[in-house]
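Hi,

Here is the structure we talked about.

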Amino acid sequence: MSRPAGLKGIAASIGVAVGQARVIGKEHRRRPHRQIEQAAVSVELARFAKAVSSSRAEIESAKQELTQKHGPTYAPILDVYLLMHGDALLIDAISNAIREERVNAEWAVSEVAERLKKPLLEDTSSYFQERASDIDHVKEHLLRHLSGEQRHESPVDGPTVVIARDLTPADAVHVLAPPTVGLVTELGAGSSHTAILARTFGVPAVVGLGPLPEIEDGDLVLVDGFSGEVTLGASPRERRAAERRRDRFAAFLRAERSTSAVTPDGVSISVTANIELSTEVEAALENAAEGIGLYRTEFMCLDRREPPSEEEQLELYRGVIRAMAPKRVVFRTFDWRGDKRLRADHLGERENAWLKTQIKAVLRASEEGPVSLMFPMVATLAQFREARALVEECRATLLDESARLAALPVGMMVEVPSAALLANRFAELADFFAVGTNDLAHHTLAIDRHDGRSAAGPLDPAVLALLERAITAARDAGIPCSMCGDMAADPVSLGLALGLGYRQVSVPVSVLPLARAVIRNIDLEAAAEVAREALECVSAHAVRQLLLERLGPSLGALWKDQGLV
Ligand code: PEP
Ligand code: MG
């Protein structure tokens, strides 16, 4: 038998997956060009019209499914695709191409989509790039319906591994649910939002694998979310070994569900959850989260033209706070950047109005239980002052309307180097810090967080120096400081975070049990010693080696069993 194909990418979400491939987005490869007779034009137009209506029906039903599973908040994500099914620029242009150029519908769909995408792709702004990918998604839907494959669901039965060039966060929300057990993408990095969602949903993932070999729906795929290895054509023996590791890890996670996070030297570490969707609260509680340390609220706006109304947000936030009470929920105001942007360009004025709407919803919801509010991407002292003033303005408006409001601590993300550099001055203004290592590494090292090479970012000594600065300033000022970036979610670098002095971490829901297990094995004095040495290292690579050598052994069986090192 031929040797199995072993591929290596970036380990983006821990765990092992064994499943059949479900290749997404391969429809664009099949687009035969056929010149048709005049008499066949009406037949081709009818085929196209049927494909449009069945594709629209499929999206309608996906929308209903999304509403059933996650409530009404996320379903508008699909509205844009529905609108495009009636868009003259796209749909009429395709019909015209069939009629006037006398080509088959598949060819007309592909050609018109490429034509519409071209000017969008010439603009480097992520907004236009995303609009181009919307066109691609609709094109793929139409091609699939033209080919007669009338399905949105997986074409294979049982557990599937999704294989894609890339996923938008909106796609990821749909795709990373059962029967999906693993994810493999050609593009992406460990801190990209698709990777964050994979961790959120506990789906083992390898991203940034580079060009994939030909993979067919139904092929056996093994995904190792610890090492970043992906195996195609595995032998029965390899398959069984992977299944054993998968089951062992699942048993480990179950056993760790409600354990404590006390270090061997008796220090209790607070471990809270990062969530993107309100529906994750249940899993956060099941996995004994001590609260929600970061609620990335912008995920409720993915692919929407504007955020939900104040009343809609209020209802959603109340639900989250009630479910978590008496544990605290830290709301982060909308962070619309990069792949999480709203479907609206030139936010400007409107963004400010939307921010006020959100702050009012959080203030009103804060009656239900302990809540904090924080702002992302704070870069200057003036910005944070303005942000606080905005909260006060919203509070005053609500008090005029005689709402009863509880106290609301207002904090900030430390994820821009300027904020870390002036952390001592920010600490005088903020009620708390939450350190975002993903963006901090990205902005400190001038690397793209979506670029695979940024995987080691947070471990660079320059980033470590800023992390130390932030925690020291917080400690001196007596304000809480958590680490909610993915450095805390990585079992190797979590030990270093503790060594630098962090005593509160917030991690994706699926990582909660592992984070606590790591903490129980890290002696804080030893970790502090390692942190001092790490600050003197010359590179992120050297820091990682140091961590593996010095902290790896104390993690004992955990490392070995799961092949973490
Ligand atoms: C971060 O930047 O580390 C962070 C936690 O924020 P996000 O990943 O949502 O940008
Ligand atoms: Mg960030």
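This is a predicted model: local features need pLDDT of at least 70, side-chain atom pairs count only at pLDDT 80 or more; totals for chains, interfaces and linings use all residues.

The buried ones are L512, P513, L514, A515, R516, A517, V518 and I519.

Next, the metal. The magnesium ion (ligand 2) is coordinated by E415 (OE) and D439 (OD), at 2.0 to 2.1 Å. E415 sits in the loop between β13 (410-414) and α13 (417-421), while D439 belongs to helix α15 (residues 437-445), 24 residues apart. E415 is buried at 2% relative accessibility, and D439 is buried too, at 3%.

On to salt bridges, of which the structure holds 26. One of them pairs K139 with E114 (3.2 Å, N to O). K139 is in helix α5 (residues 126-146) and E114 in helix α4, so this bridge ties together parts 25 residues apart in sequence. K139 is buried at 7%, whereas E114 is partly exposed at 31%.

Another joins D431 and R388 (3.1 Å, N to O). Since D431 lies in the loop between α14 (423-429) and β14 (433-435) and R388 in helix α12 (residues 381-400), the pair ties together parts 43 residues apart in sequence. There is also a network, in which salt bridges with shared partners join E310, E311, K360 and R364.

Finally, R237, R240, R244 and R248 gather in a patch of positive charge on the surface. R237 is in helix α8 (residues 236-255) and is exposed at 64%.

Cheers

Methods: Residues are numbered from 1 along each chain as its sequence is written. Chains are lettered from A and ligands numbered from 1 in the order in which they are written. Side-chain values use heavy atoms; hydrogens and water are left out. Patches are made of residues with over 30% relative accessible area and no salt bridge: like charges are joined within 9 Å, nonpolar side chains (Val, Leu, Ile, Met, Phe, Trp, Tyr) within 5 Å. Accessible areas come from the Shrake-Rupley method with a 1.4 Å probe; for residues, only the protein chains shown count as cover. A salt bridge is a side-chain nitrogen of Lys or Arg within 4 Å of a carboxyl oxygen of Asp or Glu. Lys and Arg count as positive and Asp and Glu as negative; His and the chain ends are not counted. The place of a charge is taken as NZ of Lys, CZ of Arg, CG of Asp or CD of Glu. Helices (H or I, at least four residues) and strands (E, at least two) are DSSP runs, numbered from the N terminus. Buried means under 20% relative accessible area, exposed over 50%, partly exposed in between (1.4 Å probe, protein chains only). Donors are N, O and S atoms within 2.8 Å of the metal (3.2 Å for Na, K and Ca); water is not among the atoms, so sites may look incomplete.
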